Protein chains: 2
Amino acid sequence: MAADPIRLGVAGLGRAFMLMLPTLARDPRLAVLACADPRAEARAHFTEDFPGARAHGTVEALCADPAVEAIYIATPHELHVAHVRAAAAAGKHVLVEKPMALALADCQAMVDAAGEAGIHLIVGHSHSFDAPYLRARDMIRGGEHGAVRMITAVNFTDYLYRPRRPEELDTSQGGGAIFSQAPHQIEVVRLLAGRPARSIRATASVWDRARGTEGAYNALIDFGDGLSATLTYNGHGHFDTDEFQDWTGEMGTPRDAAAYGTARAALRHVTTPEEEAALKERRAYGRGPGAMEARAAPPPPAYNHFGLVLASCEHADLRPTPRGVMVYADDERRFDPLPAPIIPRAEVIDELQAALRDGTPPLHSGEWGMATTEICLALLESARSGREIQLHHQGAA
Amino acid sequence: MAADPIRLGVAGLGRAFMLMLPTLARDPRLAVLACADPRAEARAHFTEDFPGARAHGTVEALCADPAVEAIYIATPHELHVAHVRAAAAAGKHVLVEKPMALALADCQAMVDAAGEAGIHLIVGHSHSFDAPYLRARDMIRGGEHGAVRMITAVNFTDYLYRPRRPEELDTSQGGGAIFSQAPHQIEVVRLLAGRPARSIRATASVWDRARGTEGAYNALIDFGDGLSATLTYNGHGHFDTDEFQDWTGEMGTPRDAAAYGTARAALRHVTTPEEEAALKERRAYGRGPGAMEARAAPPPPAYNHFGLVLASCEHADLRPTPRGVMVYADDERRFDPLPAPIIPRAEVIDELQAALRDGTPPLHSGEWGMATTEICLALLESARSGREIQLHHQGAA
């Protein structure tokens with residue numbers, strides 16, 4: 001452990017926490033000291049995973065825990081605003097999961113609460129933390145390849161057929177591809193664009209009534225001054241863009257190219273929403289591998305990614321891959337490799353530590369998350385109205 | 001030769017003709033009997049290539065040639081309307097190259113002239129003739145995979161750095177990616193959509209002032225009722241989507257995966273527009289290989305294509321490739337192979353013959369071409385105004 005580790009508490013031991021667990025369990029810059037969750041089973045597992053940690057039944061109790069300086073809020077979306085307010089009021093720094101909220105007013109309330117309390121508010125993990133996108137962003141900023149003019153983001157996955165709780169299939173409750181998946185793609189695109197989006201025209205609809213929520217969308221974002229992006233997402237479990245990433249999956253691990261349709265096949269045995277929720281529950285924290293397994297696992301073979309991304313500059317196309325950035329320049333095509341990752345999603349802790357220990361304002365701030373939420377809401381509004389939506393909360397990206 | 005071949009005349013022995021020459025030279029359903037071109041050198045070569053054919057100095061003389069029943073009009077864009085009118089007035093059927101015209105009034109004039117004369121008017125070649133797209137269209141129409149909901153078309157090429165005459169780099173004269181390249185992608189998307197487009201929102205701008213015209217665009221086309229398409233084109237010679245087609249090029253022939261930046265490198269030795277035009281001229285008809293070489297060539301290894309195309313239906317993604325259609329269905333992923341092509345672009349002659357010999361109304365009719373021209377013009381207008389453009393001439397696609 002580092003000399004002055006970040007004293008972290010975790011609010012909510014659900015799916016988002018499970019995805020961050022390998023990071024929390026392994027990063028020596030963190031001291032995971034406490035949690036809050038209503039499930040006793042999960043709390044018991046947590047205190048085994050993090051010996052000496054305190055387990056609270058409520059987020060309020062966690063916020064009052066003097067051992068903790070920062071809280072990772074991974075509770076259900078609709079509770080984010082209350083929990084961020086509680087943490088800020090207690091003077092704790094906050095890392096809050098995406099989607100930050102489902103309404104701009106809630107985002108603003110979080111930004112205001114953080115500002116008033118003088119704490120750092122970071123929104124994530126999203127895939128815009130992934131090192132290859134950050135590297136491509138740095139290349140664009142460097143200016144060597146001229147201005148960025150077009151960003152192409154295409155992701156085909158089996159998102160819609162992974163086991164879900166009923167609310168995850170209800171757009172009004174923050175379910176579906178627009179709240180769950182689009183934030184990743186929007187943030188990757190915003191990161192590479194490096195300036196405020198001006199408008200969005202999008203389409204999205206429910207294809208599979210049995211799932212009840214949008215599993216796909218198309219969007220064109222205009223950043224003005226000759227820069228635009230197309231965002232295509234299809235989570236219906238057919239074609240998979242991991243084929244274009246040498247069969248490296250979203251989490252940076254190898255996939256079996258011969259396997260097909262496994263998500264849909266697994267769901268086929270499920271006949272009720274309760275059975276499906278139970279199937280998901282089997283993967284919940286406390287039921288399977290935990291921090292000890294995460295600590296024993298080998299380093300991840302590659303970085304996280306979110307599908308095919310191409311940033312077209314005037315003098316080069318940059319293509320982030322799970323291992324670096326392919327540079328297709330005027331005179332040469334070359335691969336710019338990144339050092340192999342040691343800890344998955346360590347980039348989130350990089351940003352958290354830079355903020356808390358060095359006072360570096362985070363890129364993925366509350367304002368950043370609010371801008372993404374505005375685009376998600378505008379995407380839905382454009383899809384419903386068939387009209388282009390102007391954006392007003394994009395700050396100076 | 002077939003029992004009753006189509007008695008064809010060719011108007012214009014330029015680049016479009018060169019690209020159709022392998023078809024014209026090899027398809028036994030054609031009797032190529034005459035041509036018209038102002039260049040004596042090209043006419044002389046033509047009469048060697050097609051023994052017994054008559055070579056005229058003007059399109060008017062070709063139209064008066066009683067031996068000819070149909071004319072392939074491959075003259076410069078701005079002459080299409082006059083030449084289609086002349087051919088129709090002479091009672092000749094017409095195959096006219098894309099772009100059909102640069103103004104809707106000109107398209108309408110061609111449609112009207114064909115209607116009044118009672119001749120068939122076909123617009124092409126465009127890549128929407130390519131057999132794999134036609135096969136995917138048939139699969140969609142068959143309904144087995146449910147309704148088509150999203151079409152994704154992405155093409156990255158070196159288009160802008162191929163040798164050009166000055167007018168090919170002037171958008172107002174029909175140069176640039178929107179008039180030269182977008183018609184292919186728009187027609188592939190329209191073919192797969194199978195119904196009229198309603199609106200388009202697009203972006204396009206000049207990235208390389210030395211080339212002076214748009215080399216890239218982004219577009220979102222809304223077909224209404226839950227179907228939309230994203231069209232992304234970048235012709236700046238960096239990333240190349242042929243990488244996603246097993247390095248099969250646009251014309252269905254293998255490419256060298258190790259070669260990079262060859263178009264831009266070849267242009268680097270050119271310092272004036274005159275030198276560049278001369279470079280292009282070296283590839284003109286009469287200077288190099290002709291029909292004899294085309295006849296001696298082996299059958300093409302694969303079909304033409306226009307980049308990555310995915311048609312997402314409710315129960316399958318269909319991915320046309322240069323050799324067939326990949327079907328990513330609910331339960332299985334399978335490849336639907338097409339028989340290897342025998343004659344390149346024979347699909348154009350299929351449609352011509354069906355119209356002239358069987359009276360089958362062509363898919364790629366004047367109205368079809370007019371609808372594509374409207375979308376090209378709307379793409380430019382949307383890019384310039386920053387607004388979505390409603391479409392009014394899309395017929396019943």
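This is a predicted model: local features need pLDDT of at least 70, side-chain atom pairs count only at pLDDT 80 or more; totals for chains, interfaces and linings use all residues.

Student: OK, so how many residues of chain B are in contact with chain A?

Tutor: 55 residues of chain B are in contact with 55 residues of chain A. 100% of the interface residues of chain B are also interface residues in chain A, so the copies meet through the same surface.

Student: What rotation superposes chain B on chain A?

Tutor: A rotation of 180°, with 0.0 Å of shift along its axis and an RMSD of 0.0 Å. That is the relation of a two-fold axis.

Student: And which residue of chain B comes closest to the rotation axis?

Tutor: B:Leu220, whose C-alpha lies 3.2 Å from the axis.

Student: How much area do the two chains bury between them?

Tutor: About 4300 Å², with 55% of it on carbon and sulfur atoms. On the chain B side, B:Trp207, B:Tyr260 and B:Arg333 supply 16% of the area buried against chain A, more than any other three residues.

Student: What about salt bridges across the interface, how many are there?

Tutor: The rule finds 10 between chain B and chain A. In one salt bridge, the side chains of A:Asp222 and B:Arg201 meet at 2.9 Å, N to O.

Student: Switching topic: how is chain A divided into domains?

Tutor: Domain 1 covers 6-127 + 346-375, and domain 2 covers 129-342 + 383-390. Their centres are 22 Å apart, taken over C-alpha atoms.

Student: How much do those domains bury between them?

Tutor: About 3600 Å², 59% of it on carbon and sulfur atoms. In domain 1 of chain A, the residues that lose the most area to domain 2 are A:Arg26, A:His127 and A:Ile375, together 24% of what that side buries.

Student: How many salt bridges and polar contacts are there between the domains?

Tutor: The count is 1 salt bridge, plus 27 residue pairs in polar contact, again with both residues at pLDDT 80 or more. On the domain 1 side, α1 (15-26) and α2 (40-49) are among the elements supplying at least two residues each, and α1(A) gives the most, with 8 residues.

Notes
Residues are numbered from 1 along each chain as its sequence is written. Chains are lettered from A and ligands numbered from 1 in the order in which they are written. Side-chain values use heavy atoms; hydrogens and water are left out. Contact means heavy atoms within 4.5 Å. Buried area is the accessible area (1.4 Å probe) that two parts lose on being put together, summed over both. A salt bridge is a side-chain nitrogen of Lys or Arg within 4 Å of a carboxyl oxygen of Asp or Glu. Copies are superposed by least squares on the C-alpha atoms of residues with pLDDT of at least 70 in both. Domain bounds come from an automatic or database domain assignment. A polar contact is a pair of N or O atoms within 3.5 Å; within protein, one must be able to donate a hydrogen and the other to accept it, and residues adjacent in sequence count only if both atoms are side-chain atoms. Helices (H or I, at least four residues) and strands (E, at least two) are DSSP runs, numbered from the N terminus.
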